[in-house]
Amino acid sequence: MSTQIGVTIGVELDAAGRHPAAWRLPGARPAELFTAAHWRRLAETVDAADLDLLVVPDSFRLGSSDDRDQRGRLDAVAVTANLAPLTRRTGLVPVVTTTHTEPFHTQKAVATLDFTSRGRAGWQVEVSTTPAEADLFGRKAAAAPEVLWREAAETVEVVRRLWDSWEDDAVVKDLATGRFVDRDKLHYVDFAGENFSVKGPSITPRSPQGQPLVIVPVRDEPSLAVAAAHADVARLEAHDVPTATRWAAGLEGTVLLDVEVLLRRDASEAQDVAAHLDELSPGHGPRALRHVGTPASLVELLRDLPQGVGGAVLVPLDLPATLDLVASDVVPHLGREPFTGRTLRDRFGLPRPASRYAVEATR
Amino acid sequence: MTQRASKRQVHLGAHFPGVNNTTVWRDPRAGSQVDFSSFEHLARTAERGLMDFFFLAEGLRLREQRGRIHDLDVVGRPDTLTVLNSLASVTTHLGLAGTINATFNEAAEVARQFASLDHLSGGRAAWNVVTSSDAFTGENFRRGGYLAHADRYVRAREVLDVAREFWDSWAPDALVADPATGVFARGITEVEHHGAQFDVRGPGLLPRSPQGHPVLFQAGDSDAGREFGATYADAIFTMHGTLEAGVRFTADMRARAVRNGRSGDELKILPGATFVLGDTLEEAKENAREIRFLQVGPEQAVAFLEQVWGRDLTGFDPSGPLPAFEPEVTSDIAQGRTRMTKDPRETARTWRELAAANGWTARELVVEVTGRQQFVGTPEQVAAEIDEYVQADACDGFILVPHLTPAGLDEFVEKVVPLLQERGSYRTEYAGQTLRDHLGLQHPHAVPSVRATA
Ligand SMILES: Cc1cc2nc3c(=O)[nH]c(=O)nc-3n(C[C@H](O)[C@H](O)[C@H](O)COP(=O)(O)O)c2cc1C
């Protein structure tokens, strides 16, 4: 195991960028946003820059109803799975929502991403709050964040159990007895919660990391509670430093600050581009701290992160321009040692845990 | 080599050897069932062999026998769509076919997942729509066990109707993405479905994918299953593997397609097939025999008998005769697999006759009766036989089920594929980019040529 030295840096990449008008900027190649080539180009930059995380957001929302805004979204697990064989280093983290998706499907998808990325999979938990999302499924009505995050917590719990439901050495291929698996090393999880029950075991054997990295976004009290109880890594979607510091105080594990970024070599050019985007599609204020400026000013920000915060997830407002500058002009100035470990857990200094069922058995 | 343009072309798919009793794990050449390198190897081999597609089966709960997890065959598999999306970036032409249940998946979600795979693979996605009503599998899901057996195709039809609406919900030219005019997308319609199984409403979340709709496979054999396949599917995965059964099944399916207002040729019939090669017929037969006895070890033989006899046969010696006592008729001793026998007493009677007539032990009997479609012979013989099936319209080709992971297809691609090509029955290069191109299927949004010229 070799932990990443220095500040942890992830990026969240959303089509042409988080700003819904970003597709109109020069260099955006908007006709290719739904192709593998688009994602491949971005991922190559991220991987070569040795960034810690590549997060792909997801939701069942179309988003804006304005013809001029970027809309539509590929399934995030699909995107990260597609990138897995093309990348070697960075962690691949799809957002998978918990409100309308079966926990059993989620756990096997992420475990499988861990196999196809050879130990670099994570999962960012997210909830679906809107009636529009509920209508796509027609199973239950939209609910308040407290309710949805309670369900998300149950989902994380059952997913983690299912990831442990095969002990590491369950496949025995024993010629003498004709047994492919040792069934005593497979475990029913027998989870019965407020929202669902799941029998188990998983259909997928234990993945390279055992437990892929679980990331929880923090934006309110309910999500903070889930991050505190269940997350390996928390992402603070705070609008100001005091809020971020307060949230960080209640968290163990790695805490990352979300920073929306738009970079240009010249600060006034960056400001102009940001203003231009807001003109093209008004009303999309920051969802987290926002930094519009130069690579140098972002380096300063990252060197001076709030108390309790170990790094950042940069969310480019536009792609690929801002990402390219992050790779070429930000990362090299952060004093990060090249990462020599293997898995995503290694990057975060997290050991590969034993299956809880194996631990119970040896007690 | 003379080019016979009119010759019916053989279509081949590659089934990843997984959770079934044909996969041999005892062979020292058998590799991992879950590492990505195994999937990559088989997919690259299939693509080198210019095959139409790579195929993954699915099972959403580990099989059980006598209330315990079945431990004798391969156990465990990865998530279908995730593997296919990863394979999309290490292949360029190969179709990527995934089995996904229409029972434990939601229409909006699964439609979007297949559209995503189609986008990311540049038009190579296929969905094998299977049904399950069983409460056993349902215990892993929120909807656990809610679906009556009779409703499995009712729900499947609704799922597909809604999925097709989602795939169509962006107009063909909805993604404008023109920075000059500032229009990103327009012409996105809302799906509105209210049916017996579910109610959904909302916009599709993706532009039309390269194939418009992923290619649809169906596997299921009841009358309802065949009707469903004849209405919705582009290709049928079947177990009707012998020449006679194939001709009958194919004729039935083509007739059903016609009754549903389609052309019979639109439906590709693809039986699963295993194969064993040798330098001579005798050698191939010997290899096949060895493989069969690896597939059906003494323990597997007893497990199989338990499924028919419906009871615990611990301690039974499979190197002697079949059990002398009668099977229980009401038992569901095996869970999570498709039922093998309908009337156990009748089955036992036929088997005793077969075993007596041939002097077989219980294990030998099981080896004989559980063998599936097999092409056994020299590469020349196997190529000739495959060609014969297709020319006789017993099928359009085969989904090859190798018995070894991951190298089980290597020999076939090296030795049989060139012979099929020599016969003029198999492509010598991919003619198109999409799976629809490979299978000779229309794009669902293709304008009929009559209208195009009018
Ligand atoms: C060739 C073939 C392959 C099948 N593969 C799968 C599979 O991978 N996963 C699955 O859940 N069911 C599979 N099935 C089961 C069918 O989807 C279906 O549940 C079963 O055949 C019962 O439907 P029926 O009554 O219409 O025959 C398969 C069936 C056939 C005939």
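Guide: Start where the two chains meet. Chain A and chain B bury about 6,300 Å² between them, and carbon and sulfur atoms give 59% of that area. One caution: this is a predicted model.

Visitor: What makes B:D79 and A:K108 a salt bridge?

Guide: The distance between their closest N and O atoms is 2.8 Å. The cut-off is a Lys or Arg side-chain nitrogen within 4 Å of a carboxyl oxygen of Asp or Glu, so the pair qualifies.

Visitor: Now a single residue. Why is B:L62 called buried?

Guide: Its relative accessible area is 6%. Buried means under 20%, so B:L62 is buried. B:L62 lies in the loop between β2 (53-56) and β3 (64-65) of chain B.

Visitor: Which residues does B:L62 touch?

Guide: Leaving out residues up to four places away in sequence, B:L62 touches residues of both chains. Among them are A:W166, A:L186 and A:P201, along with B:I69, B:V75 and B:F136. B:Q335 is 273 residues from B:L62 in sequence, yet their C-alpha atoms are 8.6 Å apart.

Visitor: What is the partner of B:Q335?

Guide: B:Q335, in β14(B), is the bridge partner of B:E64. Their strands belong to an open sheet of three, in the order β4-β3-β14 of chain B, with antiparallel pairing.

Visitor: What makes β4 and β14 edge strands?

Guide: Each pairs on one side only.

Visitor: How do you know that β3(B) and β14(B) pair?

Guide: Two bridges join them. At least two are needed, so they count as a pair.

Visitor: Why is B:R66 called partly exposed?

Guide: Its relative accessibility is 31%. B:R66 sits in the loop between β3 and β4 of chain B.

Visitor: What makes the phi of B:R66 worth a remark?

Guide: B:R66 is not a glycine, but its phi is positive, about 50°. Most residues other than glycine have a negative phi. A:D190 also has a positive phi, about 45°, and is not a glycine.

Visitor: Which way is the peptide bond from A:G200 to A:P201 set, cis or trans?

Guide: That bond is cis, with omega near -15°. Most peptide bonds are trans. A:P201 is in the loop between β8 and β9 (213-218) of chain A. Another cis bond joins A:L319 and A:P320, with omega about 0°.

Visitor: Back to chain B. What makes strand β13 (residues 268-277) mostly covered?

Guide: Ten of its ten residues are buried. B:L270 and B:G272 are among those pointing one way, and B:I269 and B:F275 among those pointing the other.

Visitor: Which strands pair with β13(B) in the parallel sense?

Guide: β12(B) does, over four bridges. There, B:F237 stands opposite B:L270. β15 (residues 374-377) pairs over four bridges too, and β16 (residues 397-400) over two. B:G272 has B:I399 of β16(B) as its bridge partner. B:F275 has B:F375 of β15(B).

Visitor: How many bridges join β11(B) and β12(B)?

Guide: Two, in the parallel sense. B:F217 stands opposite B:A235. Helix α6 (residues 223-232) carries the chain from β11(B) to β12(B), again in a right-handed β-α-β crossover.

Technical notes. Residues are numbered from 1 along each chain as its sequence is written. Chains are lettered from A and ligands numbered from 1 in the order in which they are written. This is a predicted model: local features need pLDDT of at least 70, side-chain atom pairs count only at pLDDT 80 or more; totals for chains, interfaces and linings use all residues. Side-chain values use heavy atoms; hydrogens and water are left out. Buried means under 20% relative accessible area, exposed over 50%, partly exposed in between (1.4 Å probe, protein chains only). Contact means heavy atoms within 4.5 Å. A crossover is right-handed if, with the strands pointing away from the viewer, the path from the first strand over the helix to the second runs clockwise. Buried area is the accessible area (1.4 Å probe) that two parts lose on being put together, summed over both.
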